[in-house]
Amino acid sequence: MLKIAIPNKGSLSESAVTMLKECGYRVRRDTKELVITDVDNDIEFFYLRPRDIAVYVGSGTLHAGITGRDLLLDSQAEAIEIMPLGFASSTFRFAARPNTAADVRDLGGKRIATSYPGLVRAHLGKHDVEAEVVRLDGAVETSITLGVADVIADVVETGTTLRNQGLETFGAPILHSEAVLVARHDDAELPGLRVLARRLGGVVTARTYVLVDYDVRAELVDEACAITPGLESPTVSPLHDRGYVAVRSMVKRQGVNRVMDALYELGARGILVTEIRACRL
Ligand SMILES: Nc1ncnc2c1ncn2[C@@H]1O[C@H](COP(=O)(O)OP(=O)(O)OP(=O)(O)O)[C@@H](O)[C@H]1O
Ligand SMILES: O=P(O)(O)OC[C@H]1O[C@H](OP(=O)(O)OP(=O)(O)O)[C@H](O)[C@@H]1O
Ligand SMILES: [Mg+2]
């Protein structure tokens, strides 16, 4: 039976569970359930702390898991990213009071507070900077006010937490993170895991794309298809009125209004956008 780790708490948990449900897997009904057996799919789901997931997977105790890219890299576990899952996007960045530093190279001798010491030490090492890393569990932004650090390295989403503490980011982001599916290199090809990855990939695609249908004059179909090239090639069907064709194509949800405007300008009509609920490509 395949053993899969799922975040039981924190920013990743709810979205991960929603995604698994969309993939047709059995999910827990209350937060006190820590292990769920999905007999139909021959999978056992273990609800664990996101920080521990890469460690369980890297040690071979569990076959795969959902965690954050930042947590995976911080753990230095022997696990690899199988695919990004498109939620819990954030950057991992240095921040400090204004005028403390402009770049990682200014951090020599400074005290840097973080919950991700592995990630920060690796980044400092890459830039040949020697600094003191102060490991904290959370609420890292407060450590500067409390005088235990000069600089922090933490997850930044909207930047609100930083602003509230009078802190500013500096330098380039250390990492762009999001939720990812992780596994050991040797396990990536396990049949059950390939199915899980394909189902998750189907949900990511269904969320990223919409279906666009429209009618256009036959002589304009090449120009129209250039606007909506789809993933492989748009479906073009004849209409009863021979002068027109119907086109169906997948279009990125983001920017679909610009695509509709361009189609309309070209002369396409009856432009319809529909959600994709699930797919296998
Ligand atoms: N505000 C946020 N926006 C997006 N992702 C976030 C945010 N905060 C944390 N994450 C992501 O969540 C993962 C960390 O999860 P974890 O459950 O350990 O911490 P948390 O979400 O901060 O929960 P808590 O602090 O309550 O324990 C990381 O991958 C991190 O990038
Ligand atoms: O840029 P923002 O939108 O403000 O989000 C970033 C904050 O969210 C997370 O904190 P969380 O609430 O999980 O608390 P923690 O610091 O205790 O982990 C993260 O650690 C940052 O502090
Ligand atoms: Mg947190």
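**Shells, domains and exposure in a predicted model**

Tutor: The residues of the shell around ligand 2 divide into 4 nonpolar, 6 polar and 3 charged, where Ala, Val, Leu, Ile, Met, Phe, Trp, Tyr, Cys and Pro count as nonpolar, Asp, Glu, Lys and Arg as charged, and the others, Gly among them, as polar. This is a predicted model, in which local features need pLDDT of at least 70 and side-chain atom pairs count only at pLDDT 80 or more, while totals for chains, interfaces and linings use all residues. Residues are numbered from 1 along each chain as its sequence is written, and chains are lettered from A and ligands numbered from 1 in the order in which they are written.

Student: How many residues surround ligand 2, and which are the closest?

Tutor: A residue belongs there if its C-beta atom, placed from the backbone, lies within 6 Å of the ligand, and 13 residues surround ligand 2, with Gly-138, Glu-157, Thr-158, Thr-160 and Thr-161 the closest. The elements that give two or more residues to this shell are β9 (151–156) and α5 (160–164), helices (H or I, at least four residues) and strands (E, at least two) being DSSP runs numbered from the N terminus. The largest share, 3 residues, comes from β9.

Student: Which domains does the assignment give, and how many residues of domain 1 and domain 2 are in contact?

Tutor: The assignment, whose bounds come from an automatic or database source, gives domain 3 (209–275) besides domain 1 and domain 2. With contact meaning C-beta atoms, placed from the backbone, within 7 Å, 8 residues of domain 1 are in contact with 7 residues of domain 2. On the domain 1 side of this contact, the largest share, 5 residues, comes from α3, and the classes on that side are 1 nonpolar, 3 polar and 4 charged. The centres of domain 1 and domain 2, taken over C-alpha atoms, are separated by 27 Å.

Student: Why is Phe-46 called partly exposed?

Tutor: A residue is buried if 20 or more other C-beta atoms, placed from the backbone, lie within 10 Å of its own, exposed if 12 or fewer, and partly exposed in between; Phe-46 has 18 within 10 Å, so Phe-46 is partly exposed. Phe-46 has its place in strand β3 (residues 43–48), and leaving aside its neighbours within four places in sequence, its contacts are Lys-3, Ala-5, Ile-6, Val-35 and Leu-62.

Student: What makes Arg-248 partly exposed?

Tutor: Arg-248, in strand β14 (residues 244–252), has 16 other C-beta atoms within 10 Å, and therefore counts as partly exposed. Beyond four places in sequence, Arg-248 is in contact with Leu-211, Asp-213, Pro-234 and Thr-235.

Student: Is Asp-42 buried or exposed, and how do you know?

Tutor: Asp-42 has 12 other C-beta atoms within 10 Å, so Asp-42 is exposed. Asp-42 sits in the loop between β2 (35–38) and β3 and has a positive phi of about 60° although it is not a glycine. Asn-99, in the loop between β6 (90–96) and β7 (111–114), has 8 C-beta neighbours inside 10 Å and therefore counts as exposed; Asn-99 has a positive phi of about 70°, although it is not a glycine either.

Student: How do you know where the buried residues of helix α1 lie around the axis?

Tutor: The buried residues of α1 (residues 13–22) are Ala-16, Val-17, Met-19 and Leu-20. They cover an arc of only 160° around the axis, which puts them on the same side of α1, the arc being that of the directions from the helix axis to the C-beta atoms. They pack against β1 (2–7), β4 (64–68), β11 (179–183) and α6 (191–208).

Note on methods
Contact = placed C-beta atoms within 7 Å.
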